[in-house]
Amino acid sequence: MNKSKTGAGSDDRLILARTRRDRIREGVTVITKGEGVRVFDQDGKSYIDLVAGVTRPVHVGYGRKEIAQAAYDQMCELPYFTPMEFANLPAMKLADALSEITPGRINQFFFVCDGSEAVESAIKLARHHHHNKGDKKRYKIISRRGAYHGTTVGALGILGTVLPMRQIMEPLSSGTIFVESPYCYRCPFRLSYPHCDLLCAKDIERIIQFEDPEQISAFIGEPIQQGFGAYAPPKEYWKVVREICDRYGILLIVDEVICGFGRTGKWFGIEHYDVQPDLITMAKGISSGYLPLGAVGCTDEVMEPIETFHHLHTYANHPVSCAAALKNIEIIKRENLVENSSKMGTYFLEGLKSLEAHPTVGEVRGTGLWTAIDFTVNKKTRAPFPPNRIIHIIERAKKKGLIIKTMGQALEFAPPLIIQKEEIDEALKILDQCITEEEKK
Ligand SMILES: Cc1ncc(COP(=O)(O)O)c(C=O)c1O
């Protein structure tokens, strides 16, 4: 048995997500504390967390006692009550707060525990809408190759990435249609923008016609996509998708699980494209990870035909998570963290651009505080870097006190939105060293 170094428990009894067992046997790092943009391990070693908890939720940074206090107060007042037939105050207040900051006509909200549940709820809400309108044939969902929308069976069904988590669980729910992603650096059609005439968006119409438009319920996509590394589509992309959806009565679900709550320098990622979604999904930055929370939001038109929403989770509209989220949103507003994401994002991106001199750095990109380096073994052909070399860079960085993560062929960065120039400079220096060392090898 592998006793953890803290003596606090055994790390081989705890099942870790997507972690090789031999890594667990070697002994994994136990993170015990966080403060600001830094976390500390069981030996007291400090790391700059350049990925906000690695899955990127911790927008307001670590050590926010006022969120803990809000959760504590709510637990004392009312820890739980059913989401059926009864409402609770924090959930009502959070719905009001979200209606003010979410894009345009998004106005009604249902709270769940995480991003996957938010995506499941959005898919079900879209089908429910069509069903109640008498459009009972509409069940298919259009998703994009390279997309990630979560880990529950419904969310895996629309996963556009080749991952064991999908393959092991197949067969999944039927009715997913995959279209290509906008990924200009390695365009799936081998075209280049703007001469491509936005084929990645326009081709969706051809696929819809083939699949029978009357069977399609919704299109889902992240406004800026994590697969390939924080990829922002060309500026006209979402308008074209919206027009196609409108032509065929297809609902547009925008997955804001990562982009939402300031990650890209605006409250929501779709604001960069000035397009009105019918539904949005949220999680991560909604509570900065202090408590589990996800949400689906939709326009009044989506809810209009739904007399009763036939969907239930015991912990839906959870009062304590909603109270924590309200305090989190208050902090984001009070400290202008959306603006800081935009400002520091620009500064960070400029710093990353200086790394483009490295022979293996293919493209650097980013929107707000969501940035990435796409590596290549050949700048002309843009052939991707072998994934194990990216892992080596991540391991080197960790030894030097910097936590970063891989996203496909890229390195991805999504620090807490409170990050300042000095921390960015420190992180860039370590990154530069790690890339140089890996290239020398
Ligand atoms: C865009 C997107 N949607 C959905 C999810 C699923 O969220 P969760 O892991 O909270 O279930 C994720 C998770 O990373 C995500 O990035």
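**Close-up views of a predicted model**

**View 1. The second largest pocket.** The second largest pocket has a volume of about 390 Å³. A pocket is an open set of points, on a 1 Å grid over the protein atoms alone, with protein on both sides within 12 Å along at least five of seven lines; lining residues have an atom within 4 Å of a point. Grid points are joined across faces, edges and corners, and the volume is the space filled by probe spheres set on the points. The lining comprises 22 residues, of which Gln108, Phe109, Phe110, Phe111 and Asn317 lie nearest the centre of the pocket. Helix H3 (89-101), strand S4 (106-112) and S10 are the elements that give two or more residues to this lining, and S4 supplies the largest share, four residues. Helices (H or I, at least four residues) and strands (E, at least two) are DSSP runs, numbered from the N terminus. By class, the lining has 16 nonpolar, five polar and one charged residue; Ala, Val, Leu, Ile, Met, Phe, Trp, Tyr, Cys and Pro count as nonpolar, Asp, Glu, Lys and Arg as charged, and the others, Gly among them, as polar. This is a predicted model, in which local features need pLDDT of at least 70 and side-chain atom pairs count only at pLDDT 80 or more, whereas totals for chains, interfaces and linings use all residues. Residues are numbered from 1 along each chain as its sequence is written, and side-chain values use heavy atoms, with hydrogens and water left out.

View 2. The residues around the ligand (one heavy atom within 4 Å) include Asp114, Tyr148, His149, Glu222, Gln226, Asp255 and Lys284. This shell divides into three nonpolar, five polar and four charged residues. Polar side-chain atoms form contacts (a pair of N or O atoms within 3.5 Å) with the ligand: one of Gln226 lies 2.7 Å from a ligand oxygen atom, and one of Asp255 lies 2.7 Å from a ligand nitrogen atom. A side-chain N or O atom of Lys284 is 2.9 Å from an oxygen atom of the ligand. Taken alone, the ligand exposes 390 Å², of which the protein buries 86%; accessible areas come from the Shrake-Rupley method with a 1.4 Å probe.

**View 3. Backbone geometry in the loops.** Lys284 has a positive phi, near 40°, although this residue is not glycine. Lys284 is found in the loop between strand S9 (279-282) and strand S10 (294-299). Cis peptide bonds join Glu170 to Pro171, with omega about 5°, and Tyr193 to Pro194, with omega about 5°. Pro171 belongs to the loop between helix H6 (164-167) and strand S6 (176-179), while Pro194 is in the loop between S6 and helix H7 (199-211). Most residues other than glycine have a negative phi, and most peptide bonds are trans.

View 4. Arg365 stands opposite Ala372 in S12. Two residues separate the strands of the hairpin, and Gly368 in the turn has a positive phi of about 60°.

**View 5. The open four-stranded sheet.** The strand order is S1-S2-S3-S14, with mixed pairing. Strands S1 (31-35) and S14 (402-403) stand at the edges, each with a single partner strand, so one side of each is left without a neighbour in the sheet. Strands S2 (residues 38-41) and S3 (residues 46-49) run antiparallel and are joined by three bridges.

Key
Polar contact = N/O pair within 3.5 Å; in protein donor to acceptor, adjacent residues only side chain to side chain. Pairing = 2+ DSSP bridges. 1 Å grid on protein atoms, 1.4 Å probe; cavity = no way out; pocket = protein on both sides within 12 Å on 5 of 7 lines; lining within 4 Å.
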